[in-house]
Amino acid sequence: MKNSSSGRITDIKPTHQKPITNGEKVYKKVCLSCHQADGSGVPNMTPPLIQTSFVLGDKEKLIHIVLDGLKNVDIDDQTYNNPMPALGSVLKDKEIADVLTYVRNSFGNKASAVTVAEVKAVRGNMK
Amino acid sequence: MANTEDAGLTLPAGFSASIVASNLGSVRHIAITKEGNVYAKLGRAKGGNGILYLKNNNGQLEKQNGFGDYGGTAMRIHDGYLYASSNTDVYRYKLNSNDEVLDPSNPEKIVTGLLDHEEHNSKSVTLDDAGNIYVNVGAYSNSCQVEDRTPGSMGRPGCPILDSAGGIWQFKADKADQHYGDGVHYAIGLRNVVGLDWNRKDNTLFVMQHGRDQLHDLFPQYYDAKASAILPAECMYEIHQGDNAGWPYIYYDQIQKKQILMPEYGGDGKKAADKKYLDPVMAFPGHLAPNDLLFYTGNQFPEKYKNGAFIAFHGSWNRSPEPQAGYFVVFVPFSNGKPTGQWEVFADGFAGAKDISSPGKAAHRPCGLAQGPDGSLYVSDDVKGTIYKIAYNKK
């Protein structure tokens with residue numbers, strides 16, 4: 001890691017924050033217009049990403065949704081009419097790991113990070 | 001007198017709004033009887049009831065019985081019948097001389113088997129005076145991409161969705177169990193219509209199309225986020241049998257004032273479309289989601305409103321990073337079945353806050369319109385199930 005020009009050691013960010021930054025970038029580019037800036041989704045169209053078992057629960061299931069998309073699934077007794085596109089061919093494993101780590105630690109969520117290896121494993125099982 | 005709560009809406013001078021019913025559920029379209037009673041269609045049935053009957057008591061609507069165990073959108077009264085839709089079927093209920101439903105558990109199923117693939121599945125209706133009912137079947141897609149809403153995915157050649165969705169079908173209003181094949185495929189190339197009304201001044205169908213979403217998300221090489229927040233236009237079309245409004249091949253750009261080829265079909269934001277498609281009679285900013293249309297025929301409002309169009313906009317979701325917009329009711333002046341001036345916001349303030357960053361923050365979202373027997377305008381909200389009554393107070 002390179003120090004900034006000031007050379008002060010405090011400018012070096014802890015490494016675990018890096019995926020959050022990349023993840024936010026991916027979120028803004030690919031996810032935000034439907035799931036919204038605050039993760040609240042669109043009533044009756046796009047599910048929220050806040051405090052839901054889909055986001056905070058089983059990581060393998062969550063990775064699968066990003067890779068393969070999701071439609072016609074009721075979430076907490078609510079119907080959401082807009083389909084989630086399959087992003088397996090759009091996003092690289094690292095982008096998926098980063099964005100899911102971001103989502104699992106934003107909008108009031110707190111859950112463990114998603115690693116590239118975990119994404120790779122799910123992608124491998126799908127083939 | 002019953003209390004009518006001030007609704008907190010912004011209206012033109014001389015108008016006032018009151019809340020006449022609240023907490024009804026997800027009220028989509030509404031219909032008013034000649035006695036001033038209201039039928040409200042719920043998007044999702046509540047306690048087994050998808051239709052609520054509300055009786056007028058000194059200006060307040062009091063909930064009576066519910067019936068119809070299906071969610072849906074359409075609610076219209078025509079010629080002694082109440083018409084309602086689920087997301088696949090159209091029903092009608094015979095009314096007695098007091099406009100009360102005679103047999104709530106045994107409606108006639110007029111149309112059946114319409115497609116419901118969740119996306120754009122609401123079925124709105126309007127009726128003409130020649131015994132026909134017009135039903136929207138929305139396209140189960142944003143822009144007919146090979147992979148729906150997936151960045152860079154191109155359009156399906158000869159978009160196959162259009163054979164059974166993305167258009168308007170005409171059926172007989174009094175015939176049971178009609179399928180697609182029994183109706184007339186009246187107009188095509190309409191992505192999703194939720195608001196439509198028969199204009200009795202020139203005997204013509206008018207519809208409001210929900211334009212496509214996500215130009216920037218899907219084709220960032222041609223559209224920046226700012227352009228994507230306002231494009232394409234939400235369009236009002238005057239529809240005659242056989243018309244093609246061009247979805248998914250074209251969209252209407254209200255800034256360039258012309259039809260543009262969709263990026264899924266080789267467009268780049270500038271390339272003009274083939275001239276064969278229908279032009280809108282009026283274009284509105286993108287993504288505002290027009291959910292109902294009503295031609296005003298009452299005598300209560302000032303002269304300029306007579307025969308003009310009211311449009312209930314549900315409000316946007318895909319304008320970020322710009323604030324969301326359009327949680328309002330708009331008016332368009334008409335004469336002899338043609339718009340005679342620009343659109344203007346008629347009633348605003350439904351959403352509560354000034355800036356709405358995401359649609360979940362909107363307190364209320366206009367969804368349905370109906371004209372009361374005294375010429376008042378009723379507006380329904382499908383967030384909390386509020387019904388507003390807007391009246392003009394003569395000086």
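A:I50 touches A:G39, A:S40, A:F107, A:G108 and A:N109, leaving out residues up to four places away in sequence; touching, or being in contact, means C-beta atoms, placed from the backbone, within 7 Å. This is a predicted model, where local features need pLDDT of at least 70, side-chain atom pairs count only at pLDDT 80 or more, and totals for chains, interfaces and linings use all residues. Residues are numbered from 1 along each chain as its sequence is written, while chains are lettered from A and ligands numbered from 1 in the order in which they are written.

**Around A:I50**
- You'll find A:I50 in the loop between α1 (18-35) and α2 (53-56) of chain A; helices (H or I, at least four residues) and strands (E, at least two) are DSSP runs, numbered from the N terminus.
- A:I50 is partly exposed, with 18 other C-beta atoms within 10 Å; for that count, 20 or more means buried, 12 or fewer exposed, and in between partly exposed.
- A:N82 sits 32 residues from A:I50 along the chain, and their C-alpha atoms are 18 Å apart.

**Chain A meets chain B**
- The contact involves 18 residues of chain A and 17 of chain B.

**Nonpolar cores**
- The largest nonpolar core has 108 residues, and B:V207 is one of those with the most contacts inside it; a core is a set of buried Ala, Val, Leu, Ile, Met, Phe, Trp, Tyr and Cys residues joined through C-beta atoms within 7 Å.
- Strand β23 (residues 309-313) of chain B gives the most to this core: five residues.
- A separate second core of 23 residues takes in A:C31, A:L32, A:L87 and A:Y102.

- Strand β16 (residues 204-209) of chain B has five of its six residues buried, so it is largely enclosed by the rest of the structure.
- β15 (residues 193-199) of chain B pairs with β16(B) in the antiparallel sense over six bridges; a pair takes at least two DSSP bridges.
- B:D197 stands opposite B:F206 of β16(B).
- Four residues separate the strands in the β15(B)-β16(B) hairpin, where B:N203 takes a positive phi near 50 degrees.
- β17 (residues 234-239) of chain B also pairs antiparallel with β16(B), over five bridges, and B:Y237 is the bridge partner of B:V207.

Notes. Two residues are in contact if their C-beta atoms, placed from the backbone, lie within 7 Å.
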